[in-house]
Amino acid sequence: MSKTSYKYIRPEDIRRLSHYEFGVKALVEGYLSGRHRSKERGASIEFSEYRQYTPGDDPALVDWRVFARTDRHYLKTFEQETNMECHIFLDSSASMGFQDEGPITKLEYASFFAACLSWLVVSKNDRVSLQIFDDKIRHFFSPGSTRRHLHQLLTALENNEPGNETSLAESLKRAHPLIKRKGTLVILSDFFDEPEEIFKALNPYLHRGFRVHLLHLFDPAEMKLPDRGLTRFVDLETGDQLTIHPESLREAWKNEMRQHLQSLRRLAASRQVDYTTTLTTESWFKLFDRLA
Amino acid sequence: MQFFLAQSSWLWLLVLAVIPILVHLFARSNPPQYHFSNTAFLHRILKKTARVRKPQDWLLLLLRTLAILALLAAFLQPLLIKGNHLAGSQRTTIFLIDRSASMSAKSGGSDRFSLACQKASELLKSGRIDQSNIVWLDAFPDSIFPQPGPNLDYLRDRLARENVRQESGALSSALGMATTQLELVKGKRELVIISDFQHSAWQDFKLETPPGIEITKVAIGGEETSENLAITSLFTQPAEPVVGQKLLIVSRIKNFSDTPRRTTLYLESGGNRQSREVNIPAWGETEVNFQTHFTRPGLTSMTAGIAEDTFSGDDTRHLVLNIRDVLRLVSVAPADDPAAKTLTRLAASLSWLEHRITQTPPPPHAVDFLFFHHWKGQDFTIYHEHQIPVFAHPALGLTHEQVATFFGLSPQSTKPIAFDTKPQDTGWKASISAKANLDSPVLALFKSGEFGNPAEGVFKNRFQLSSSWDESIERLIDYQDGIPALLRKQERVLWNLSLAPEFSTWPGQSTFLPFMAELLLDTRTRDHQRAIETLPGSRLSWTPTDGVSPESLSLHHAQAHGSILKTETKMTTTGIQLLSEEDAEPGIYHWKVSEGIVHQQASNFPSEESDLRTIDPDLIAGGEVVDSSRLLRRAALGDGIPFWHWLITAALLFLLIEALVSLWKPKPSPSA
């Protein structure tokens, strides 16, 4: 790698990241044995559970001792430690370029976090992939764990600009065939999309056993509307214009946002998906706590 | 019940009430832009709250507009007037409105009179007056109603239609008319005088009214400049010259300002136009003379003018002059009186003199000189009023007192004046009095002595008049022993020189004719007030001379494009008199038969109205000075209820409701 400094990863971040561990609890599917637990049968001797035999299972895995006691066929499964795959979905729609009360745009915030996460994953010899999307997938970087791969990701993040409208659901649908192995899905977005649609698109991933983290990013002004007089609001994505007095709609806006978040949270909980909100004024390192 | 605004001049403030509406309209049209991450939620919220939010917006706009309106209205100090009646008393107000010529002076955009009418109209509208009347202060004051009446709308209508008159103001007469009308009514009585309080008219006037009449003085104008240049008089010397007589046309221009002025005076007379540059000192007067003579008898008109200034009414002056072919000397004496016959012979020698002997005094209009032989103290007041020269030759038994009365002096002895006679061959001689003013025109010819003694000859009788006379009496001829022979005071001449041939050799002397001619013309010269002039404000009248049919006469205004004035006929002792239906305004008027002018009359701007300076009404004794706005306020306050504080309360209430409404956030409709 010829480049030694990147916009979205700084030396102090690297120092701090050295104290973090990613994917301790995550169950991964990979080729590197010993580090992460895997539900694939392998060389591991770590007992997992008993499972009733179903046609097609390997008869060699049947625990005959249990058969002797219970007269039923059970398989004894072991957890296999393997290397982890982390798939980062970075929303780069125009709305992510919004910045008012926060120090940086949401996209910059997300890029900082994505860069750090990528470094962390690669530093642990795990594999990381990156999907930059708006209404479609703009860039897809297949999973990799090399320094060169990390350099490509960081460079892509640096060159990334806010684009068109958001369609997370569509992007998830399109990315599904591209991701071969299950792993951890980290989605960084402002989620200005219908919650039901998002989770509908996530279902295939969940079905395949992906662990999903939804990181919902906000500028503080989006939580309560900016303190302004009569203003013409121009939509960053659609260019749509609307003249309102924010003060008169603040409560309704808060209420609407609350409902939107509740809806996302409820759906996430029902599917055992991790859902976290963060403000661009907060440190992105707190998000690693959620991922740990 | 009606509203009244004490500060109506601030009515324009109400325009500010459109500010919230304009803000509402224009602020929404171009508000600042703000790029936001997502407006879809905002659209959704708006959709949910639209049902409540739009009415809320309009309600807020209404409340803000009402609050501002209430605040602005409070500044106007509105008053609520409950009805027109005060408990137990009726209010009668008479407005004495000055419409004399000085009220045509411009004050701001309009003239003083318009302002006066406007103020009176506002007061009439104030609603506190039960009955009223308007007395016009002009040359011939009159009132709109014969007595105060309740039809205030009619009075206001008349105020809107009236115009200022180019007349002087008869103050006492107008005040008398107003107070007489007020004395006839009961209840609260008020006299409101609205005038410019012109200094020349009001400085010595005292407002004296019967008790119980409240006088209020409302001054109009006075703030504007009172600078004015005016032709104050135009006359000729003599007033009625005879054909060929040298005539002096005198015009006086007065400068009513602090700075010297220069102007051009022009004189139009009989188709000729003469002009002269004139300098008039500050607050001074300049006299401009033109000399001319006329070759044909009859009436002729002339106009003097200067460049128009802001007060234009007095920039021209007119004169109608009667050029006489002969002057009429009438002797009141027995038909065969020898002295009278001497005058007949005198008239025969002078082409411009006509003599007639009559035993009864003639009417003033039929005589130019009256020679009263054998005067026994008869009253000459009627001739004095018409400024006709009267020569009075005393009769036996006339007292000193009667002579003193003749000259208007204080009564002296009631004893008869002694009458002296001389024997046949002797007599008294007379000559120019040692006390005579030799520069007097009548003596100018004789003062060098070249033309001899004007009273040459011997006089065999005379009256023993007192030798000492008041300074005002002009001594022309004295007997050698100091006894006065000819005394004159203005147009009154006391004659103590016998004209009868048997008692005097004077009529036969060569100096008799020129002296008598000079005496007659000079005595008449003093008269310059007898021009044919009608006072502005009075009606033009003329009694047609014989041979002119009244039906064929029409009256024309010479300046106003010859417009015809309506006339009416009136029977008088002297015949049918024609009267104009309208009052005379300054200008020249022609009485015409067909296209021929048979008579002319002139009417002039009253010169006393040219001085536009005003006096502080406080300096005029009597009454209270109130400016019109204060009067209106007092009128309303007296009978009305101020409610500006209620408006302030209402404004605060509106603002409170506005705050509550704006704080109230509608809950989005769950169905939306």
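A:W284 and A:F285 are both buried, where buried means under 20% relative accessible area, exposed over 50% and partly exposed in between, with a 1.4 Å probe and protein chains only. Before I go on, this is a predicted model, in which local features need pLDDT of at least 70, side-chain atom pairs count only at pLDDT 80 or more, and totals for chains, interfaces and linings use all residues. Residues are numbered from 1 along each chain as its sequence is written, chains are lettered from A and ligands numbered from 1 in the order in which they are written, and side-chain values use heavy atoms, with hydrogens and water left out.

Now the rings. Rings of Phe, Tyr and Trp (its six-membered ring) pair if their centres lie within 6.5 Å; planes under 30 degrees apart are stacked, over 60 edge-to-face, and the rest tilted. That rule gives 41 aromatic pairs over all chains. In one of them, the ring centres of A:Y8 and A:F112 are 5.0 Å apart and the planes stand at 90°, so this pair is edge-to-face. A:Y8 lies in the segment before α1 (11-17) of chain A, and A:F112 in helix α3 (residues 106-123) of chain A, so the pair ties together parts 104 residues apart in sequence. Helices (H or I, at least four residues) and strands (E, at least two) are DSSP runs, numbered from the N terminus. A:Y8 is buried at 4% relative accessibility, and A:F112 is buried at 10%.

Back to A:W284 and A:F285: they form a stacked pair, 6.1 Å centre to centre with 25° between the planes. The charged end of A:R16 sits over the ring of A:F285, 4.2 Å from its centre. For that, NZ of Lys or CZ of Arg must be within 6 Å of the ring centre and within 35 degrees of the ring normal.

In chain B, one aromatic cluster includes B:F371, B:Y479 and B:W506. The charged end of B:R462 sits over the ring of B:Y479, 5.0 Å from its centre.

Next, where the chains meet. Helix α8 (residues 246-270) of chain A and helix α2 (residues 40-75) of chain B have axes that come within 10 Å and cross at roughly 130°. Residues of α8(A), including A:W253 and A:H260, meet residues of α2(B), among them B:F41 and B:R53; contact means heavy atoms within 4.5 Å.

Last, chain B as a whole. Chain B has 13 helices and 37 strands. Of its 672 residues, 49% count as buried.

Terms used. Axes are lines fitted to C-alpha atoms, for helices over the stretch in contact, and angles run from 0 to 180 degrees between N-to-C directions.
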